[in-house]
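Okay, everyone, thanks for coming. Let me put the structure up and we'll walk through it together.

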Amino acid sequence: MAIPNLLKLLLPALFPSWRFFDVIGPSPRVELCLTDNPENDEAVWRECRPRPAQLRFRDRLTGFFWNARWNETLYLTNCAERFIQGQEEHASREIRRRLRSDLLRAEGEGDGGNIPAFFRFRLVFVSRDDDSLRRDVAFVSPPYQTVDPLDR
Amino acid sequence: MSLDLAIRLTEILLSIALIQQSLEHVFGLRDERVHYFVRLVLSVLLLVGIQPQWVCVALFINALFILRRFQGPYNGGSDLLSVLLITCLCAVHLMPSAQWQEYVFGYLALQVVFSYFKSGWAKVIYRDWRSGQALRDVFAFSVYPVSEATREWATQPRLLWAMSWAVILLELLFPLAMLSPEALAAGLTLAMAFHVANFVMFGFNRFVWVWAAAYPSLIWLQARLDLLG
């Protein structure tokens with residue numbers, strides 16, 4: 001572990017800035033598309049982990065003790081922000097591995113037999129433009145294999 | 001509240017918060033699970049009170065590994081306060097005298113007060129916060145609202161203006177809670193209600209647990225300041 005790098009990570013915890021929600025800037029979304037052909041540019045994008053229409057009281061109560069999925073979703077968007085700020089390699093890997101994990105989990109068995117062989121993700125930033133919202137695509141990833149035992 | 005009692009209460013509440021965090025990673029990626037399994041075991045030891053000084057040192061090393069694993073905090077401010085709490089508990093146990101222990105715990109309490117005050121100051125200097133627009137933006141397009149129904153709050157500008165000022169005033173005035181035990185009781189109750197509201201609207205459950213773990217340091221510091229007259 002390089003000491004200067006560790007100190008860089010530790011110091012914000014020892015001397016925090018405590019500036020929660022000061023400026024509401026462009027807000028990241030991670031979007032995903034699946035394809036069998038990595039050369040195919042005609043992608044159908046969908047939002048990764050869309051929020052539910054409503055949460056039941058029971059879900060909220062459970063979430064007070066166990067909110068793993070939501071906290072990971074917040075971490076994904078944090079990775080999107082870090083990617084734009086320059087932590088490209090780490091953030092991209094984190095997003096990629098978690099999306100892959102989502103896809104395999106959705107498939108049920110985890111073998112990826114019925115899902116397309118490749119996926120791409122893109123980072124979209126939503127912001128206010130006067131009275132409407134605007135969406136800017138900041139990054140589109142290359143295609144990644146949906147099943148890659150070396151990158152799970 | 002004596003310093004020893006405040007330290008022990010902090011250990012208990014922090015270990016509960018860390019157990020809660022660790023369990024959330026049970027089904028996470030393989031290379032993060034190992035760190036949180038270690039954290040889980042250490043937190044149980046801290047909760048029981050076995051060799052707290054060495055457990056805190058081990059938790060500090062574990063926190064460094066986790067910071068390195070995620071190249072920063074996983075869960076924003078709640079992780080930052082977790083690391084601060086672990087570091088201060090570790091330092092408290094390593095200090096040569098009670099006076100130095102007080103300095104460390106005083107620093108922790110001061111940072112908790114700052115966590116409210118600086119946050120309030122960072123908001124009040126922006127026009128968008130004073131007008132309620134910032135909170136409307138939070139609900140309208142930020143990633144934080146837990147459901148589409150929660151997003152609908154963005155269509156209530158008057159309510160959000162009032163909520164903005166309630167948050168700003170709570171955060172800016174929080175240091176006044178240190179003036180008396182009664183003021184602190186009221187301040188902590190309001191602050192905890194604020195954290196619970198953040199959980200209900202934005203799903204920030206970890207913040208509730210971790211900030212509660214920091215409250216014994218405030219109770220101790222307030223009593224200590226009272227003694228100083």
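Read along the sequence, chain A runs α-β-β-α-α-α-β-β-β. That gives 4 helices and 5 strands in chain A; a helix here is a DSSP run of H or I of at least four residues, a strand is a run of E of at least two, and both are numbered from the N terminus. Along the principal axes, the C-alpha atoms of chain A fill a box of roughly 50 × 45 × 40 Å. Of the 152 residues in chain A, 43% are buried, where buried means under 20% relative accessible area, exposed means over 50%, and partly exposed is in between, with a 1.4 Å probe and protein chains only.

Quick housekeeping. This is a predicted model, so local features need pLDDT of at least 70 and side-chain atom pairs count only at pLDDT 80 or more, while totals for chains, interfaces and linings use all residues. Residues are numbered from 1 along each chain as its sequence is written, chains are lettered from A and ligands numbered from 1 in the order in which they are written, and side-chain values use heavy atoms, with hydrogens and water left out.

Now, the holes. Rolling a probe the size of a water molecule over the atoms shows where empty space is left. On a 1 Å grid over the protein atoms alone, a cavity is a set of points where a 1.4 Å probe fits but cannot get out; a pocket is an open set with protein on both sides within 12 Å along at least five of seven lines; and lining residues have an atom within 4 Å of a point. Points are joined across faces, edges and corners, and the volume is the space filled by probe spheres set on them.

The largest cavity has a volume of about 140 Å³. It has 13 lining residues, and A:Glu47, A:Cys48, A:Arg49, A:Thr73 and A:Thr77 lie nearest its centre. Strand 1 (27–35) and helix 3 (68–84) of chain A are the elements giving two or more residues to that lining, and helix 3 of chain A gives the most, with 5 residues. By class, the lining of the largest cavity has 7 nonpolar, 2 polar and 4 charged residues. For the classes, Ala, Val, Leu, Ile, Met, Phe, Trp, Tyr, Cys and Pro count as nonpolar, Asp, Glu, Lys and Arg as charged, and the others, Gly among them, as polar.

The second largest cavity comes in at about 70 Å³. Again 13 residues line the second largest cavity, with B:Arg39, B:Ile66, B:Leu67, B:Asp79 and B:Val83 nearest its centre. Helix 2 (30–48), helix 3 (52–70) and helix 4 (76–94) of chain B each give two or more residues to it, and helix 3 of chain B has the largest share, 4 residues.

Of its 34 lining residues, A:Arg49, A:Ala68, A:Arg69, A:Glu72 and A:Arg105 are the closest to its centre. Both chains contribute: helix 2 (57–65), helix 3 and helix 4 (88–107) of chain A, along with helix 2 and helix 10 (181–202) of chain B, each supply at least two residues. The lining of the second largest pocket splits into 13 nonpolar, 7 polar and 14 charged residues.

Which brings me to salt bridges. B:Glu11 counts as buried because its relative accessibility is 1%, whereas B:Arg8, at 24%, is partly exposed.

Another bridge joins B:Arg206 and B:Glu24, at 3.0 Å between the closest N and O atoms. This pair links distant parts of the chain, with B:Arg206 in helix 11 (residues 205–227) of chain B and B:Glu24 in helix 1 of chain B, 182 residues apart. Both B:Arg206 and B:Glu24 are buried.

Key. A salt bridge is a side-chain nitrogen of Lys or Arg within 4 Å of a carboxyl oxygen of Asp or Glu.
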